[in-house]
Amino acid sequence: MTCSKVDWLAGGLAQRVRPAFVVSIIAITHMNAATKAADDQVVEITPDNACQASLANLFSTTDKPAFNRQVDQIIAGQGDDGRQVVPQLVWYAARHQQETRTKAFVGQVLARIAAPKSVIVEALVPHLDNKDAAIRGIVKELLVGYEDRSATRPPDYSAYRALIEADVQSGREPQSSLVQFMYASDPGTALQTMVRACQLRAPDEIKPILWSEHVVSELFWKRRYGFVERSAVDAAVVREIETLSRHPRWWVRLYAAEIVKSHPELSGADVVKRLKEDTDIRVREVLGR
């Protein structure tokens, strides 16, 4: 999937987040004052009545200086760098999706929040597990917008990498919904990101994974630019996918499953069967979708 801009980023956000940035590795807190997490990692947003009233008033403001002042007041009222406002904004948007200005409104508010992209992404990511489907959908669209992808440029997963690294360094399992979101969108970039985020150190483990991804992506590149037929199958690619489907790490097998799902011609029935019966439900679910 390629996307140079996303509707949610209308109103100037795309211009604000396009420059390169350095993501600081932040100790993640998947919950904040407005978020509750259950044992199954499903989260919800508890609306702050005062903040929601301020957002409703802001929505009707057409004067730009007044708009900016009100956003600053809302952020100040939450007492932080803006990350507490993000879930409140998403909650508001989920309940006003039918209004034509909502997407532009969300983008304008986010553009005004003077926080690094990594902070906004960190505030959004936990809500990939939100129990509200509308909120999950909005979060996914917003995250894609922050990935700065285009028809010629892969997504930037550096903010996701920082979050996963923080989990790994703290001995926690990375957030499954985030990993699955990454793979469903761009399996190759996701696999490369996981190799680094999971702190693999042994070259003998790293190189075969990266080589396999390279062999597969090279075939896709040849197909895209007409060096081979669009349906061309390379025996080397088939072998690499078969190897990856047996890998001990679930997130490597997840890559194989995503490739097989999108390009069934690159695997045999035995690989499909193996992945459908994988010991990890996250891998099994890919071919069950």
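Which residues of H11 are buried? In this predicted model, the buried set is made up of Ile206, Ile209, Ser212, Glu213, Val215, Val216, Leu219 and Arg223. Helix H11 itself covers residues 203–224, 22 residues in all. From its first C-alpha to its last it reaches 31 Å, close to the 32 Å expected at 1.5 Å a residue. And what do the buried residues of H11 pack against? They sit against helix H10 (187–197), helix H12 (235–244) and helix H13 (250–262). After H11 comes Gly226, and its phi is positive, near 80°.

Next up are the salt bridges. Searching the whole structure turns up 18 of them. One of these pairs is Glu122 with Arg83, whose side chains meet at 3.1 Å, N to O. Are the two partners buried or exposed? Glu122 has a relative accessibility of 7%, and since buried means under 20%, this residue counts as buried. Arg83, at 24%, is partly exposed.

Helix H6 takes part in another pairing too, this time through Lys117. The side chains of Lys117 and Asp156 form a salt bridge, at 3.6 Å from N to O. Here again distant parts of the chain are linked: Lys117 is in helix H6, Asp156 is in the loop between helix H7 (133–146) and helix H8 (158–169), and the two are 39 residues apart. Lys117 counts as buried because its relative accessibility is 9%, whereas Asp156 comes out at 30% and so counts as partly exposed.

Then there is Arg253, which pairs up with Asp278. The closest N and O atoms of this salt bridge are 2.5 Å apart. Arg253 lies in helix H13 and Asp278 in the loop between helix H14 (269–276) and helix H15 (281–288), so the pair ties together parts that are 25 residues apart in sequence. Both Arg253 and Asp278 are buried.

Notes. Residues numbered from 1 in each chain as written. Predicted model: local features only at pLDDT ≥ 70, side-chain atom pairs only at ≥ 80, totals over all residues. Heavy atoms only, no water. Helix = DSSP H or I, 4+ residues; strand = E, 2+ residues; numbered from the N terminus. Expected span 1.5 Å × (residues − 1). Buried < 20%, exposed > 50% of the residue type's maximum accessible area, 1.4 Å probe, protein only. Contact = heavy atoms within 4.5 Å. Salt bridge = Lys/Arg side-chain N within 4 Å of Asp/Glu carboxyl O.
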